[in-house]
Amino acid sequence: MNIILLGPPGAGKGTQARKLVEERGMVQLSTGDMLRAARTSGTQMGKVVADVMDRGELVTDEIVIGLIREQLTSGNAAGGYIFDGFPRTLAQADALGDLLAELGETLDCVIEMQVDDEALVTRITARSTCGACGEVYNDNTKPIPADGKCIKCGASDFQRRADDNEDSLRTRLMAYYKQTSPLVGYYYAKGDLKTVDGLASVDEVAASISAALK
Ligand code: AMP
């Protein structure tokens, strides 16, 4: 089963994708993670996208479609793919449809995670992640443990994303409404769309997603 998690920054796509990976053996394809990895390893492409990402704008369709193409053509996900943060434009959505068709695969479901904008600002500006395993923390609802060790892997390397600040978030939200939200209508029209309340607890959202995937 191949699915898309669709929603604005901070909707909880990454957290839910990680749960699906653990519970269903699916493979998470996050273009944001791929781009951050390219920056960390200092590739030419990483250098090209750094400023755009820090401002909260979208990198070009060509780059992200190339990243997804590379993963889909080299990988082998028996449990299916979770597209997290991709597609973000109509051109990316069309390209994904073409790529899946080329590989004889289908897109089975698009889950829209709905969260109100004020909650996104609060969530994102309080967010940090474990640099070793990616576990997500929140200063208000799930603070970093007092002993300074990740609850999942025990590492002590917590990171805040450079673009998790209020200025960049406003730009990311604008990009979402201008370029990505038309995908809600696009996938609704295709009959693939299911909507869940992204403001519920992590486990409740996971349960709604499981129900949507049945
Ligand atoms: P994310 O981790 O999904 O919030 O993505 C972080 C940043 O990476 C975004 O604000 C964009 O600058 C860039 N990015 C990630 N995925 C895409 C995409 N599908 N299309 C364009 N830019 C992307």
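**Reading the ligand shell and the cysteines**

The shell around the ligand consists of six nonpolar, four polar and six charged residues (Ala, Val, Leu, Ile, Met, Phe, Trp, Tyr, Cys and Pro count as nonpolar, Asp, Glu, Lys and Arg as charged, and the others, Gly among them, as polar). This is a predicted model, in which local features need pLDDT of at least 70 and side-chain atom pairs pLDDT 80 or more, while totals for chains, interfaces and linings use all residues. Residues are numbered from 1 along each chain as its sequence is written, and side-chain values use heavy atoms, leaving out hydrogens and water.

Biologist: How many residues surround the ligand, and which are the closest?

Modeller: A residue is near a molecule if one of its heavy atoms lies within 4 Å of it. Here 16 residues surround the ligand, the closest being Thr31, Arg36, Glu57, Gly85 and Arg88.

Biologist: Which polar side-chain atom lies 2.9 Å from a nitrogen atom of the ligand?

Modeller: A polar contact is a pair of N or O atoms within 3.5 Å. Gln92 supplies that side-chain atom. An N or O atom in the side chain of Arg88 is also 2.9 Å from a ligand nitrogen, and a polar backbone atom of Glu57 is 2.5 Å from a ligand oxygen.

Biologist: What is the count of disulfides?

Modeller: A disulfide is a covalent bond between the sulfur atoms of two cysteines. The rule asks for a pair of cysteine sulfur atoms within 2.5 Å, and the count is zero.

Notes. Polar contact = N/O pair within 3.5 Å; in protein donor to acceptor, adjacent residues only side chain to side chain.
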